[in-house]
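Good morning, and thank you for coming. Please look at the sequence and the structure as I put them on the screen.

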Amino acid sequence: MKKDVIYVDVEDEITEVTSKLIEAKGKIVALVLPKKCNLLHSAVNMKILIKTAKANNKNLVLITSEKALLPIAGANGL
C-alpha cells in the first residue's frame, strides 16, 4: 500500500492542508505537525480534515509531539 507524508508548516491554513491531502497519491497519509502548531487544536478543523480524508478514501495518521491533540483526535474518530 502506497504511503505519503505531508509536512505541515506552522503557518498553514486548513484549506492548504486539505488540498495537500486530496493531492496525495497514497492511501495512507501521515501528517507531520510541528511544535506549536495550533491548526488542529480546533475541533472544527479536525472534523474538516477527517471528512476530507474519508471523502478521498485516505487513511490519515497524525505525527505530533503535541499531547493536547490526542483527545481532540480521538473524540473525532482519528
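**A buried threonine and the helix pair around it**

I begin with Thr52, which counts as buried because its relative accessibility is 13%, below the 20% cut-off for that class. Please keep in mind throughout that this is a predicted model.

Where does Thr52 lie? Thr52 belongs to helix H2, which covers residues 43-55. Leaving aside residues up to four places away in sequence, Thr52 touches Thr18, Leu21 and Ile22.

Helix H1 comprises residues 14-23, and its axis comes within 10 Å of the axis of H2, with a crossing angle of roughly 15°. Angles under 35 degrees count as roughly parallel, and H1 and H2 are therefore roughly parallel to each other. The crossing of H1 past H2 is right-handed.

My next topic is a charged pair. The structure holds one salt bridge. Asp12 forms it with Lys20, and the closest N and O atoms are 3.3 Å apart. Are the two partners buried or exposed? Asp12 has a relative accessible area of 10% and is buried, whereas Lys20, with 32%, is partly exposed.

Asn56 is found in the loop between H2 and strand S3, residues 59-63. Asn56 is partly exposed, as its relative accessible area is 29%. Asn56 and Ala24 are 32 residues apart in sequence, and their C-alpha atoms are 9.6 Å apart in space.

The second residue is Lys36, in the loop between strand S2, residues 28-32, and H2. Lys36 counts as exposed, because its relative accessibility is 68% and the cut-off for exposed is over 50%. Which residues does Lys36 touch, not counting those up to four places away in sequence? They are Val10 and Glu66. Lys36 and Ile50 are 14 residues apart along the chain, and 21 Å separates their C-alpha atoms.

Thank you for your attention.

Technical notes:
Residues are numbered from 1 along each chain as its sequence is written. This is a predicted model: local features need pLDDT of at least 70, side-chain atom pairs count only at pLDDT 80 or more; totals for chains, interfaces and linings use all residues. Side-chain values use heavy atoms; hydrogens and water are left out. Helices (H or I, at least four residues) and strands (E, at least two) are DSSP runs, numbered from the N terminus. Buried means under 20% relative accessible area, exposed over 50%, partly exposed in between (1.4 Å probe, protein chains only). Contact means heavy atoms within 4.5 Å. A salt bridge is a side-chain nitrogen of Lys or Arg within 4 Å of a carboxyl oxygen of Asp or Glu. Axes are lines fitted to C-alpha atoms, for helices over the stretch in contact, and angles run from 0 to 180 degrees between N-to-C directions. Angles under 35 degrees count as roughly parallel, over 145 as roughly antiparallel, 65 to 115 as roughly perpendicular and the rest as oblique. A crossing is left-handed if the near helix is turned anticlockwise from the far one by less than a right angle, and right-handed if clockwise.
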